[in-house]
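Have the structure open and follow along.

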Amino acid sequence: MELPFAELYKTKMVETIRRSTREERERWLKDASYNVFNLRSSYVYIDLLTDSGTGAMSDRQWAEMMLGDESYAGASSYLKMKATIKDLFGFNDFLPTHQGRAAENVLFSVLVHEGDIVPGNSHFDTTKGHIEFRHAHTIDCTIDEAFDSTLYHPFKGNIDLDKLEKVFKENQVEKIPMVIITITNNTSGGQPVSMQNIREVSAMAHHYGSLVVIDSARFAENAYFIKLREEGYADKSIKEIVKEMFSYADAMTMSSKKDAIVNMGGFIGFGDRALYEKASVYNIMFEGFVTYGGMSGRDMNALCQGLYEATEFDYLQTRIKQVEYLADKLLRHGVPILQPTGGHAIFIDAKKFFPQIPKEEYIAQTLVVELYLEGGIRTVEVGTLLADRDPDTRENRYPRLELVRLAIPRRVYSNSHMDYIAATVCNVFDRRDEVKSGLVIKNEAPIMRHFTVELERL
Ligand code: F0G
């Protein structure tokens, strides 16, 4: 018998979780105004809301916590982080921040001005939020293949070079401070960007005098896909691939809550000393002094260890195989999911799941509600709620894909949990015709409404 693949770690500490009844969930969700962000975590059996800050740290990361240096200035933990970032990404300078969006806030305070245009591949919502907050615009240049949920393409996160060139040709180049490459591309399905694409986008941006900033939250997962799918990289280590990816960038923003496997933290990496110096002013104002910027020493230590672990092939293989394990079960049952599966999550194509629900009734959120009621699993909408309103017209923006994301936390759930999740989704799929209508908004915030929106069932 061929030996099966099994996780390349074992458990040393556990946390109890509890199931609930459908009646309880009906009540809790109504009280939460059909917004799962409003649910207590104790009302959730399996939490797939996000893979951000929800990972399990290793014994070595916990050991590093004990060695943290909490000095205000010049802590050894800061120097460790500086050396780690230089070693892995090649950047000489960095600023610690409390999380990824804080890194965006600091960097964009220098780079983004009113009327600017920032092209990229499906910018993440906080990235877009920080750009639009400065009265600037984003342009999504993701390849068209990304919007066909069943088409196989090895790098659906790629930027379309023709679309990007059009942005440069049709606008004043001084209005385009940077191109943002998000690896992996979360919004369009956790899809990777190829090395070739990063190289070519970088060459084009630099040709027109723009910077290249990599939104790096899931950079290690991106490197894993390059190793497996891109010609010429099979024999390279993850760390070698990471080094090359970032050699094409001028700066990186990082949410360490993903591929640094810590619960909180972020940073900005800089290739340019002058940019670092300008950003330092904002870091001190918003985050903290340049040698801690919103992080404690122990957290910086755990982050460094996490970065080294996340760039180990064995870790990445265990993680991404678990995502594939769940995907296989859903596909065998005919559930419409985005293919190929990305690194951190399964994305269900809600328009195909519930073709009977009109887009004005928040199709993907309707599926989020059904999945919670069925099995107590918490997922997240990546559809019209998240796409928010157009800042100028205030009309709903209807994205091409209405997705429900099942984000898999790192090193947290077992494959039995994956079996339970699959059964939950399949049960809802089997009775999908019984769901006749969706939801209506009762209350919403003017920006990033999905976090606090209140809804009612129709
Ligand atoms: N960029 C990407 C690609 C992200 O996925 C996120 C966060 C951020 C930036 C912002 O980082 O949360 O540390 O401030 N994504 C989380 C998610 C929230 O659930 O996908 P942050």
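What follows goes from domains to pockets, cavities, packing and backbone.

A quick word on the ground rules: this is a predicted model, where local features need pLDDT of at least 70 and side-chain atom pairs count only at pLDDT 80 or more, while totals for chains, interfaces and linings use all residues. Residues are numbered from 1 along each chain as its sequence is written, and side-chain values use heavy atoms, with hydrogens and water left out.

Start with the domains. The protein is divided into domain 1 (22-51 + 313-457) and domain 2 (59-310), with bounds that come from an automatic or database domain assignment. Their C-alpha centres lie 26 Å apart. Across the boundary, 33 residues of domain 1 are in contact with 40 residues of domain 2, contact meaning heavy atoms within 4.5 Å.

Now for the empty space. Rolling a probe the size of a water molecule over the atoms shows where such space is left. Here the search runs on a 1 Å grid over the protein atoms alone: a cavity is a set of points where a 1.4 Å probe fits but cannot get out, a pocket is an open set with protein on both sides within 12 Å along at least five of seven lines, and lining residues have an atom within 4 Å of a point. Points are joined across faces, edges and corners, and a volume is the space filled by probe spheres set on the points.

Where does the largest pocket lie? Domain 1 and domain 2 both give residues to its lining, so the largest pocket lies between them. Its volume is about 1,600 Å³. Of the 41 residues that line it, Met-13, Ala-56, Met-57, Arg-411 and Val-412 lie nearest its centre. Three helices, α2 (59-65), α11 (297-310) and α12 (313-332), each supply at least two lining residues; helices (H or I, at least four residues) and strands (E, at least two) are DSSP runs, numbered from the N terminus. The largest share, three residues, comes from α2. By class, the lining of the largest pocket divides into 15 nonpolar, 13 polar and 13 charged residues, where Ala, Val, Leu, Ile, Met, Phe, Trp, Tyr, Cys and Pro count as nonpolar, Asp, Glu, Lys and Arg as charged, and the others, Gly among them, as polar.

The second largest pocket holds about 850 Å³ of space. It has 38 lining residues, with Lys-128, Thr-138, Leu-386, Ala-387 and Arg-397 nearest its centre. Two or more residues come from each of α5 (125-133), β4 (137-140) and α15 (384-387), and α5 gives the largest share, five residues. The lining of the second largest pocket also draws at least three residues from each of domain 1 and domain 2.

The largest cavity has a volume of about 60 Å³, and the residues lining it are Asn-35, Val-36, Phe-37, Gln-365, Val-380, Glu-381, Leu-385, His-450 and Val-453. They split into five nonpolar, three polar and one charged. The second largest cavity, at about 40 Å³, has Arg-319, Arg-410 and Arg-411 among its lining residues.

On to packing. Two packed helices are described by the angle between their axes and the distance between the axes. Helix α1 (residues 22-31) and helix α14 (residues 363-375) pack at about 145°, with axes 7 Å apart; axes are lines fitted to C-alpha atoms, for helices over the stretch in contact, and angles run from 0 to 180 degrees between N-to-C directions. On the α1 side the contact includes Arg-22, Trp-28 and Leu-29, and on the α14 side it includes Val-369, Tyr-372 and Leu-373.

Rings of Phe, Tyr and Trp (its six-membered ring) pair if their centres lie within 6.5 Å; planes under 30 degrees apart count as stacked, over 60 as edge-to-face and the rest as tilted. That rule gives 19 aromatic pairs. Take Tyr-78 and Phe-94: their ring centres are 5.2 Å apart and their planes are at 20°, so the pair is stacked. Tyr-78 lies in helix α3 (residues 76-89) and Phe-94 in strand β2 (residues 93-97), so the pair ties together parts 16 residues apart in sequence.

Finally, the backbone. The peptide bond from Ile-183 to Thr-184 is cis, with omega near -20°, and Thr-184 sits in the loop between β5 (178-182) and α7 (195-207). The bond from Gln-339 to Pro-340 is cis too, with omega near -10°; Pro-340 lies in the loop between α12 and β9 (345-349). Ile-261, although not a glycine, has a positive phi of about 50°, and Ile-261 is found in the loop between β7 (251-255) and β8 (266-270).
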